[in-house]
Amino acid sequence: MSLEQRELAQSLCIPMTTNLPFPMTPKLILSSFVSLVVITLFFITRTGFSPSSSIFQPLNNTLRISTSSTGSKLQSSKSTSCSKIPPSLADALVHYAASNVTPQQTLSEISVTKKVLEKKSPCNFLVFGLGRDSLMWAALNHGGRTIFLEEDELWIHKIAEKFPSLESYHVRYNTKVRDATALMAATRDREECRRVSTDLRVSACELALKGLPEVVYETEWDLIMVDAPTGFDDETPGRMTAIYTVGMIARRRKDDGETTAVFVHDVDRKVEDEFSMEFLCRDYMTEQEGRLRHFTVPSHRNHGFSGAKLCP
């Protein structure tokens, strides 16, 4: 065996004997090496062995099991958790997916309130009106408390049968749209209507709603939506008392540094336009989108003395 043959044999760990029955040629050594490589590769592919599956690799905490046409298996991980969809959201998704009826407000109008809810929810949300958008408001305030005040008692029962998770109360109004001008003139400058310290339940102001559920007076409301009662003609109740009352509720918040987001819909109508500017204040208006106005009303707890102004 030549010197070159010996060196090649040593590199391949082939015993060097001088009594082989066949000559040890470079071609034979090379073919043996190739055969060894082929056998090794075949073994790797058959067993699925790979560096990533080596026992020396660190274990992770994730179990991943695929799904196939023959069935599905569980996928779990310590780093993630699974929870059920909130009932309020589930009801809203099913309702709006299966209904051809759309909410009273436009997408751009809804987006104004949604933007505030994204910052404040879960929170306390008071809504005047039980309508086609009620499930949406409750879902957007998931985890908070959303209550609805409705003038139509039969409508409340109908909605309660279909969506028992919604919290709603019946409210009676003693006004008419035809009286709006006279009510504005009679209350605009009355001290009784501007005294924040007075409990609305015993207020002498004609615009104060005194018969609302106790929860309305006792709760610190973060958002209030005025989209009721009806006000489309002179014989409907109109929103004069609702707008005045929510303005006073916002001003009566216990913490002097708190503010309440108040939304008034249908401001293209005279009552909603004039009463919102008078009792929610033009200077407190944050924005208007379409027929919806957004006011940010601060607490006036320390301003409730005789002669105090409702607006800056």
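In helix α4, the buried residues are Glu109, Ile110, Val112, Thr113, Val116 and Leu117. Buried means under 20% relative accessible area, exposed means over 50%, and partly exposed covers what lies in between, with a 1.4 Å probe and protein chains only. Helices (H or I, at least four residues) and strands (E, at least two) are DSSP runs, numbered from the N terminus.

The model is predicted: local features need pLDDT of at least 70, side-chain atom pairs count only at pLDDT 80 or more, and totals for chains, interfaces and linings use all residues. Residues are numbered from 1 along each chain as its sequence is written, and side-chain values use heavy atoms, with hydrogens and water left out.

**Helix α4**

The cover over the buried residues of α4 includes the strands β3 (124-128), β6 (223-226), β7 (259-265), β8 (285-289) and β9 (292-298), along with helix α5 (134-140). Contact here means heavy atoms within 4.5 Å. An α-helix has 3.6 residues a turn, so residues three or four places apart point the same way.

**Helices α7 and α10**

Helix α7 (residues 180-187) packs with helix α10 (residues 270-281) at an angle of about 10 degrees, and their axes are 11 Å apart. That angle makes α7 roughly parallel to α10. Angles under 35 degrees count as roughly parallel, over 145 as roughly antiparallel, 65 to 115 as roughly perpendicular, and the rest as oblique. Axes are lines fitted to C-alpha atoms, for helices over the stretch in contact, and angles run from 0 to 180 degrees between N-to-C directions.

On the α7 side, the contact is made by Ala180, Thr181, Met184 and Thr187; on the α10 side, by Lys270, Val271, Glu274, Phe275, Glu278 and Phe279. Sorted by class, the contact of α7 with α10 has five nonpolar, two polar and three charged residues. Ala, Val, Leu, Ile, Met, Phe, Trp, Tyr, Cys and Pro count as nonpolar, Asp, Glu, Lys and Arg as charged, and the others, Gly among them, as polar.

**Disulfides**

A disulfide is a pair of cysteine sulfur atoms within 2.5 Å.

| Disulfide | Sulfur to sulfur | Torsion about S-S and hand |
|---|---|---|
| Cys193 and Cys205 | 2.1 Å | 100 degrees, right-handed |
| Cys281 and Cys311 | 1.9 Å | about -85 degrees, left-handed |

Cys281 lies in helix α10 and Cys311 in the segment after β9, so this pair ties together parts that are 30 residues apart in sequence. Cys281 has 0% relative accessibility and counts as buried, while Cys311, at 24%, counts as partly exposed. In the other pair, Cys193 is buried at 0% relative accessibility, and Cys205 is buried at 1%.

**Gly238**

Gly238 lies in the loop between β6 and α9 (240-251). Is Gly238 buried or exposed? At 1% relative accessibility, Gly238 counts as buried. Leaving aside residues up to four places away in sequence, Gly238 touches Thr175, Val177, Pro229, Thr230 and Gly231. The C-alpha atoms of Gly238 and Tyr173 are separated by 8.6 Å, although the two residues are 65 residues apart along the chain.

**Backbone details**

Most residues other than glycine have a negative phi, and most peptide bonds are trans. A cis peptide bond joins Ala228 and Pro229, with omega about 5 degrees; Pro229 lies in the loop between β6 and α9. Another cis peptide bond joins Ser121 and Pro122, with omega about -5 degrees, and Pro122 is in the loop between α4 and β3.

Asp266 is not a glycine, yet its phi is positive, near 70 degrees. Asp266 lies in the loop between β7 and α10 and counts as buried at 8% relative accessibility. Cys281, in helix α10, also has a positive phi, of about 85 degrees, without being a glycine.
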